[in-house]
Amino acid sequence: MSTAPLPEILAPAGDAEALRAAVLSGADAVYLGLTSFSARRSAGNFTPSQLKEAAAFCRARGVRVYLALNTLLYPAELADAAGAVRAAAEAGVNAVIVQDLAAAALVRQMAPGLALHGSTQMSVHTPAGARQLEAMGFDRVILARELSLAEIAAIRAACGIQLEVFVHGALCMSVSGQCMMSAFLGGRSGNRGSCAGSCRLPFSAAGAPDAPAISDFHLSLKDLSAIGRLPQLAAAGVCSVKIEGRLRGPEYVAAAVDACLAAREGRPYDEQLLRDVFSRSGFTSAYLDGAIGKGMFGVRTAEDAAASRQALPKLRQLYRRERPRVPVAFAAAFGPKGVTLTARDPEGRTAIAQADTPPQPPQTDPLPAVRRALQKTGGTPFCWPEGQELAVEGAPGYLPGSVWNELRRTALERLLALRQAPAPHPCAAPALPAAGHKRPAAPLPLWARFGSAAQLPEPALLEGVERLILPIAEAESLPAALRAKTVLELPRAMFGPVEEATARRIAACAGLGFAGFEANNLAHLPLLAQNAPGQPVQGGLGLNLTNQLAAARYAALGLRSLTLSPELAAAGQPAIGPPAVELPTAAFVYGHMPLMLTRACPLQNVRGCAGCPREGTLTDRKGMAFPVRCGLGVRSIYNPVPLYMGDKPAALAADAGLAYFTIESAARAGAVLRLLAAHAPFDGAFTRGLYFKGTS
């Protein structure tokens, strides 16, 4: 039998009713959001005053509360984000979940007593990533959902930080934190809590050359359910199992919590009932099992919805009554003028109730009846553990059962009030950096990123490029003459053996005269420190930079230049400049933006992997073709039309313009470089991206 500690059951609380369902059905902890800065913005969420009430309700019942402050922050939002941190501290929550390093910095500045949890939006999926968060003072990391049990265990072996994993609920197709599909297709950013679920729409995928196109939902995954794997997760070192679903109702929450409790206790649970409550053609645990394949994909059907309508009413009984979970010890003091009953909780709080009725001489031993009366704690969160003795002072006398019932009720009500009492964390004023200012309008120096050395155009066109960026796997293919101005890009995803291979490549390239390396994940920082100490490091697309406080944190971590997120509107770019941030920044001026980074493969559904050319297209319902490229165990899905700002360089407040080549031929890359050099209008269909309209 495993001796691993039992994992915490962490439930979603999208609103007050779901919170109550989570707590009364037995969750150990809940996570919830404020009405702003929450990755589930369309959930009911909580105002600061409602957060205080929710935290008090949970605190009284021994349930931990984690506030999700897990969106990217824009420059003008930092003061309001500091207000959210203050609300968390004043409410006395147990931890704050963050995606943006700016939010983490605010928590550490203002309320260092609050625990910090790294959101799954931080894309941590490797041992080095978890070690980096631990070194930065995080208490817990919420791992990417794409990991196998063996990969989770490897992370546990590499660091001491707490590990949290999702065990039930919706699966995003993209690695969390690396999706821009909803933002670019509809202006609603998943990194900002307003994902429109574009991946749930139909996308057809072309099959093998002799196969017809198949209309299907090739970006829609079934929901995860790995509740039956709690023992293995505990053995792998997971301390918290998380239920996704802040947009779901209280019945869903209660059903999932109840199933997790059963699995944790080794009891059977009704998986069919869970499926009926909510699923997309069933469940999958393929990532956890290391069995990624087309069986992972599914959609919400009319039959699924009908099953939910039938299943939900019966689940309300799971949260109709208080669940007795807080042990209480009783002591009765008998005196000639009355009886005093003391109730004590595990933390040592005590509440007293007194009856002025003098006890009568007993005919028989009165204590068994007293014990029976005190055990009637139903309707409260308290329980008197079986076998626990009643402490008695003085000579026991007889009192009617009604008196003991009233003493019990009064003592427990007072004890509950004590447990609900505010427990705020000390909170200081934030130290917010001033916003930067717009740089003088001038033609931007050009940086160019290429997906492979084969995409490089003729050398004459590269002379006007100040900095080249190529994947580190292409280092050996690059002409030696270009090394001095070439930065080696590290992969945004490093599942399985890719992290170790990347570390070896960094070490092999460290002394070969390259201009430096590009970090696209926090995991890259310890890999670079160990294998290429002192080498220049720039921040790439994967870091999702959207504000000056996060930029300052990256500067403190040793980065020497930064790439601005393409989700940041042009109007917000000046804030990430001097004097707020002295690092050079680059803004995208061209590129088919990578809308998704996926571990599951949509192309595998129609043609398998054998003989696959590692590329293809997905076509949406409007007939737009989205290029797909496969490499290093992941797939990138690109926007059908490129972003282009070459003819509007003055609109961008950066130090360099970044041309991001991905699917282009060398000839096409050369043609685009000519357009950029001439600041000419684009020669085809294009988009301005989010630079002028921003995101919600």
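The questions below turn to a helix and then to the cavities.

Guide: This is a predicted model, where local features need pLDDT of at least 70 and side-chain atom pairs pLDDT 80 or more, while totals for chains, interfaces and linings use all residues. Residues are numbered from 1 along each chain as its sequence is written, and side-chain values use heavy atoms, without hydrogens and water.

Visitor: Which residue with a positive phi follows α2?
Guide: Its phi is near 75 degrees. The residue after α2 is G62.

Visitor: How many cavities of 30 Å³ or more are there?
Guide: A cavity is a set of points on a 1 Å grid over the protein atoms alone where a 1.4 Å probe fits but cannot get out. Volume is the space filled by probe spheres set on the points, which are joined across faces, edges and corners. By this rule the count is 4.

Visitor: What is the volume of the largest cavity?
Guide: Lining residues have an atom within 4 Å of a cavity point. The largest cavity has 17 of them, with Q99, M122, G542, L543 and Y554 closest to its centre. Its volume is about 180 Å³.

Terms used: 1 Å grid on protein atoms, 1.4 Å probe; cavity = no way out; pocket = protein on both sides within 12 Å on 5 of 7 lines; lining within 4 Å. Helix = DSSP H or I, 4+ residues; strand = E, 2+ residues; numbered from the N terminus.
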